[in-house]
Amino acid sequence: MRLRVSGTTLLAVFVILLFGSFSALAPEPDFGGSVINYFQTIGKTPQEKLYLHLDKPYYGAGEEIWFRGYLLNAITHMDNSPSNYIYVELTDRGDSVLQRFKFRRDSLGFRGSIPLPADLPAGEYYLRGYTSWMQNTDPAFFYRHGLQIGNSIVTDILSEVTERPAPDNGGTLRIRFFNAAGGVHSGIKVSYDVSGKDLKTVTGQQTTDDKGVLTVQNLKLSPGNMRIAVKFEDETLDYSNTFNINNAPENEYAVSFFPEGGSLLNGITQHVAFKAQAATGFSLPVTGFVTNAQGDTLTSFATEHDGMGTLMLTPEAGQRYTAETRSEKGIVKRFPLPEVRSDGMGLQMAFRNGAIFYNVQKTAEAVWPDSLFLIAHLRGDIRLMLPLSAEKTSGKLSGDAFPDGIVHFLLADESGTPISERLLFVRHPDAVEWNVATDKPKYGKREPVRMEISLADLGGQPAEGEFSMSITDNHTVYPDSLGDNILSNILLTSDLKGYIENPGYYFNGPYTPAVQRHLDLVMLTHGWRRFRIENLTQTPQFEAKYFIEAGQAVSGQVKNAFGKGASDASIVAYSPDCFMMKRADENGRFLIDSIQFSDTVSLILQATTRKGGSGVDILVDPETFPEADSMPFPYGKDNLAGIGKYLANVRDKYYNSGGMRVIQLKEVIVEAKQKQRNFYATMAEKTITSDQVPVNMQSRLVTDYLSTVPGIRKLSEAKLSIRGSDIEPLILIDEVPYYDNDVLTRIYMNEVSSISIIKGGSASFFGIKGAGGVISIMRKDGSEPIADLPAPGVAFIKPLGCRTIADFYNPVYETPEQKAASSPDLRTTIYWNPSLRFDGTGKASVLFYTSDDPESYRINIEGVTKEGYVARYSADMEQ
């Protein structure tokens, strides 16, 4: 395995060797120290990067998205990030967060599943993942992954946009409503809300025609993304949907130009990269030529890969250059090239055959600075600081000093300001070898497959790390060879800002010269990166507004009757999962940390004065989450049409597993008794439900009834005690604690759903407050609020807790009866293991059973070694 050497060590090696050759040009000690300090400061600040390995590339409504999360150090790619919680969101095209879940790291890492509702409309979505700490950085570097989600369950009302409004003064929108049987929804009143770029929201109502089509005319729209919300105004059918579309003309496009090194330099022959992009956001091929102000043609060019290419140009100061381009559809456009600088310097770079070549280009008017340095870092880890001179402007470096990834080269003088910059992608031959073997060459239905997997470095030594494994059915799940995977994400897309088309292309096959060339085009046309450097001599500033979430926490302030912080106030937090007591500081601020709660649990916070008195208010700090930003992916081409078999499989599996059919009818209100949930009933020695209360007690006060319950004494009109204790019990009403037991004189039994009596060891859960036992009263839904009660200093909150981890169901067919069972095995993900563990010899064993279609499966293994080397295995298991 390729050994990882720290940037500081490498820098020392480079400084010793290079300064030995260029001793007269060695930088002043303060400059070299400033540069080292700059990158050491970056390294000391935790940098996190998140990637999710999904079990398959697309999904259907009603399914679960299974994932393994890799939270890595963004600099070293090692699995040593301090955060213990990640957030994963499902977001739609309209930038609305539909689902948000929190996952906790356990002994197997970050893993879990995201349920997709059965009524989720088909369309394009994206997953976004981050930690609390990652919110201190640009959200563009959160984990993002575009998803196609179909729906074969909701079939009674389907819809499609049949005409998009053209960007003019009279655009027409048409939406058709139909069902899976071929019928249409005609004569339905539909309210609509249309908004878009430079468009004031248009609302209205129309009736669908005899073909089920809603027509909205005279929409004045500019090209771009638009949002259309529709809702049936019907007594029977309940339907609403939001369409997010792009109405940009398909023929519209733009071409951007990027001189290597950053600027066009007078009299210097340079590479100029370019990128052609349609208004939809996708690339397109173009051809063209460059002319000067006099109309002379200087050079021609054509795109090479995904709308990108380069041209050679020797510009002259004072000239203006224009590119005339033609798309495949014959659309001709003209674009200006950047202005030419008369004085300047530029950096020219290349990576070939494991070596890095550099060359400094300078205009005749530019003055060579007293000191000039070539500096390089890999994800904030400094790797090179090389002094240059007017006599030595080019050279060759060993690529072995740079691990795989994006290397950022800078030309800088002693002021520390970058003069020219260049990104270069360095990639070496694979440093690990995979071996995957099955126990048989061919399998039948529902047969066991025993698979042996080994992973070793090139020297044959076992490779250790964290890995996950997915096996999918090739007949229903088509692999996305061009989409993002762990290699393309961790090494490429996570460190660049902006959309990169088909990132998997650069990592799915042999690293040929053509692929290397195409990846260099990405480097030349994507200047926005994770680490932006303004001045190397100034220590980078970092302000942390969000903390590293090592444990869950709740914070806030306790205020007294005068609205000031209640110094040294006591705060108790409890739920069925936890109990904790804390003290506020001199300003009434409190932090309850290291508290664990799931996403189904509510927390109760009770505050009292330092001496245990009431009369205080408790204010809980609200949870904050990053705003949903615009989807970072272009509006895609409809990829759902090709997965009809998959969606049919999802539908059949959903119904066979007991899923309810979704019919979009108006809600019918049926009066019925509803069970009230009492979180503390499981702790209770006795729980009394409303149907156990005698009729003659239904109109009595709760204290009157409780005095008849064995084991409870009524001391006065409002005071009770549980036998065996002279201390008044803690009273909970709808799970909220009340220390003024006069509240019991305001509750009648006809509004009570249940009463739980908690005492002894179970009451110790509530700490000293439960020393006299606990009486938990749950009131029926619709009960009137308890009036005129003093503020009890109680906060009843439901923060975002951790999602409970479920295990992926891997069926077992061990007996003849199991193998002959009539229930069909419709798995599309045949096997999912979020934590594939290798033993000390670098081997792992896997056992799974084939489905009813065992002919062809796809194996995907992703992960990171303990040294931070990103690895992936993807191959078919053919029979």
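Phe257 is buried, with a relative accessible area of 9%. Phe274 is buried as well, at a relative accessible area of 0%. These values come from a predicted model.

**Aromatic pairs**

A pair of aromatic rings is described by how far apart the centres are and by the angle of the planes. The structure holds 30 aromatic pairs. One of them joins Tyr51 and Tyr143, whose ring centres are 5.9 Å apart and whose planes stand at 85 degrees, so this pair is edge-to-face. The cut-off behind that word is an angle over 60 degrees. Tyr51 belongs to strand S1 (residues 48-54) and Tyr143 to strand S8 (residues 143-150), so the pair ties together parts that are 92 residues apart in sequence. Both Tyr51 and Tyr143 are buried.

Phe257 and Phe274 also form an aromatic pair, and this one is tilted, with 6.1 Å from centre to centre and 40 degrees between the planes. Phe257 is found in strand S16 (residues 253-259) and Phe274 in strand S18 (residues 270-278), so their pair ties together parts that are 17 residues apart in sequence.

Ring pairs can also join into a group: Tyr87, Tyr130, Phe142 and Phe625 are linked into a cluster in this way.

**Charges over rings**

In two places listed below, the charged end of an arginine sits over an aromatic ring.

| Charged residue | Ring | Distance from ring centre |
|---|---|---|
| Arg68 | Tyr70 | 4.7 Å |
| Arg176 | Phe178 | 4.0 Å |

Note on methods
Residues numbered from 1 in each chain as written. Predicted model: local features only at pLDDT ≥ 70, side-chain atom pairs only at ≥ 80, totals over all residues. Heavy atoms only, no water. Phe/Tyr/Trp six-rings, centres within 6.5 Å; stacked < 30°, edge-to-face > 60°. Helix = DSSP H or I, 4+ residues; strand = E, 2+ residues; numbered from the N terminus. Buried < 20%, exposed > 50% of the residue type's maximum accessible area, 1.4 Å probe, protein only. Lys NZ or Arg CZ within 6 Å of the ring centre and 35° of its normal.
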